Amino acid sequence: MKSRIEKVLTAKELELLRHLRNSIVHQGDSPSVRDLQDLMKYQSPRSVTKLLDHLQSKGIVKRRADKKLIIIKDPESHTQNASTVDVPLIGRVACGVPLLAEQNIEAMIPVSTQLARSPHTYFLLRAHGDSMNAAGINNGDIVLIKQTDCAKNGEIVVALIDSEATIKKFRKNENAIFLEPQSTDPIHKPIILHSDFRIQGIVVTSLGD
């Protein structure tokens, strides 16, 4: 059964929204109008622009200040097949900007409430590289994070270092804090810190790509 939001979207609007979502989630970037034109097999970019205008007027997508398209409401999160909540997918973190600020959000993605449980706040982050592959987090995976600023030894955390978010295993002692890779490649070494970083959250699970 279609959700109320799905009913107000045309078939073409839903198709364009799926292409937009797939590009953001799987390629890590918002597609251009030309990209969407090719995917939709339209002869003119004007057709895509009109669909985007309709989606914006319905509060489904919007453009950030940098002109990137983001999904602010996903119809799939309102289906009756499963209980889900919209969770923000975070892209590259802007220097000095709070992690969950609009500038960093690429899309709102529906996630089961069995994973993203109330009353906690969650976000999604795309993993880069193979520094955590031994922990089941591979390059390109979408990782579900529970937002918190503290962690226990042995938990896998997202830490913000110089405005770069990194996923590592957390460990501390009286002298230092260690962010340890869990990799099959020995090239990755622990990051040793004192106070020049911030914990942003704890990894709940990797959702794959």
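Predicted model: local features only at pLDDT ≥ 70, side-chain atom pairs only at ≥ 80, totals over all residues.
Mentor: Leaving aside neighbours within four places in sequence, Val 87 is in contact with Ala 107, Met 108, Ile 109, Val 111, Ala 116, Tyr 122, Phe 123, Leu 124 and Leu 144.

Trainee: Which residues touch the most other members of the largest nonpolar core?

Mentor: The general idea is that in soluble globular proteins, nonpolar side chains tend to be buried together. Here the largest nonpolar core has 27 residues, and Leu 16, Val 61, Ile 71, Val 87, Leu 89 and Leu 124 touch the most other members. Among the elements that give two or more residues to this core are helix 2 (11–27), helix 4 (45–57), strand 3 (84–90) and strand 5 (122–126). Helix 2 supplies the largest share, six residues. Another core, of 14 residues, lies apart from this one and includes Leu 99, Ala 127, Ile 137 and Val 143.

Trainee: How many helices and strands does the protein have, and what percentage of its residues count as buried?

Mentor: The protein has four helices and eleven strands. Of its 209 residues, 42% count as buried. Among contacts with a separation of 6 or more, 56% join residues 24 or more positions apart. The protein exposes about 11500 Å², of which carbon and sulfur atoms supply 49%.

Trainee: Which residues of helix 4 are buried?

Mentor: The general idea comes from the helical repeat: an α-helix has 3.6 residues a turn, so residues three or four places apart point the same way. In helix 4, the buried residues are Val 48, Leu 51, Leu 52 and Leu 55. These residues lie on the same side of helix 4 because they cover an arc of only 100° around the axis. Their cover includes helix 2, helix 3, strand 1 (61–63) and strand 2.

Trainee: What span should helix 4 have, and what is found at its ends?

Mentor: Helix 4 has 13 residues and, at 1.5 Å a residue, should span 18 Å; its end C-alpha atoms are 18 Å apart, which agrees. Just after helix 4, Gly 59 takes a positive phi of about 75°.

Trainee: Which residues other than glycine have a positive phi, and which peptide bond is cis?

Mentor: Lys 41 has a positive phi, near 60°, and is found in the loop between helix 3 and helix 4. Its relative accessible area is 69%, so Lys 41 is exposed. Lys 67 also has a positive phi, near 80°, and belongs to the loop between strand 1 and strand 2. With 60% relative accessibility, Lys 67 counts as exposed, since the cut-off is over 50%. The peptide bond from Ser 118 to Pro 119 is cis, with omega near 5°; Pro 119 is found in the loop between strand 4 and strand 5.

Trainee: Where is Asn 153 found, and what does its side chain reach?

Mentor: Asn 153 is found in the loop between strand 6 and strand 7 (156–161). Its side chain reaches the backbone nitrogen of Lys 172 at 2.8 Å. Leaving aside neighbours within four places in sequence, Asn 153 is in contact with Phe 170, Arg 171 and Lys 172. At 47% relative accessibility, Asn 153 counts as partly exposed.

Methods: Residues numbered from 1 in each chain as written. Heavy atoms only, no water. Buried < 20%, exposed > 50% of the residue type's maximum accessible area, 1.4 Å probe, protein only. Contact = heavy atoms within 4.5 Å. Areas by Shrake-Rupley, 256 points an atom, 1.4 Å probe, with all protein chains shown as cover. Core = buried A, V, L, I, M, F, W, Y, C linked by side-chain atoms within 4.5 Å. Expected span 1.5 Å × (residues − 1). Arc of directions from axis to C-beta. Polar contact = N/O pair within 3.5 Å; in protein donor to acceptor, adjacent residues only side chain to side chain.
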